[in-house]
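Visitor: Please take me through a close look at one side chain and its surroundings.

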Amino acid sequence: MPQMAPMNWLALFILFSLLFMLTMIINYFSFYYSPNSKNNKNLLTNKIFWKW
């Protein structure tokens, strides 16, 4: 029924918004950053020099 379509749109919007927030939270917490890591020092010392 066309009268019920806005409720369906609202439910889909809420569903996709929750899925988007869930994926953003998973991406945020899946990356582990430690400032005192050895990789960070290597990145600072090994700079790329372009040979143009």
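Guide: Leu15 is partly exposed, because its relative accessible area is 45%. That class sits between buried (under 20%) and exposed (over 50%), with a 1.4 Å probe and protein chains only. This is a predicted model: local features need pLDDT of at least 70, side-chain atom pairs 80 or more, while totals for chains, interfaces and linings use all residues. Numbering runs from 1 along each chain as its sequence is written, and side-chain values use heavy atoms, without hydrogens or water.

Leu15 lies in helix α1, residues 5-30. The protein chain has 2 helices and 0 strands (DSSP runs, numbered from the N terminus: H or I of at least four residues, E of at least two).

Leu15 also belongs to a nonpolar surface patch. Patch members need over 30% relative accessible area and no salt bridge, with nonpolar side chains joined within 5 Å. A salt bridge puts a Lys or Arg side-chain nitrogen within 4 Å of an Asp or Glu carboxyl oxygen.

Now the wider setting. Buried residues make up 0% of the 52 in the protein chain. The accessible surface of the chain comes to about 5,900 Å². Carbon and sulfur atoms hold 73% of that surface. Tyr28 and Phe29 are both exposed.

Conventions: Patches are made of residues with over 30% relative accessible area and no salt bridge: like charges are joined within 9 Å, nonpolar side chains (Val, Leu, Ile, Met, Phe, Trp, Tyr) within 5 Å. Accessible areas come from the Shrake-Rupley method with a 1.4 Å probe; for residues, only the protein chains shown count as cover.
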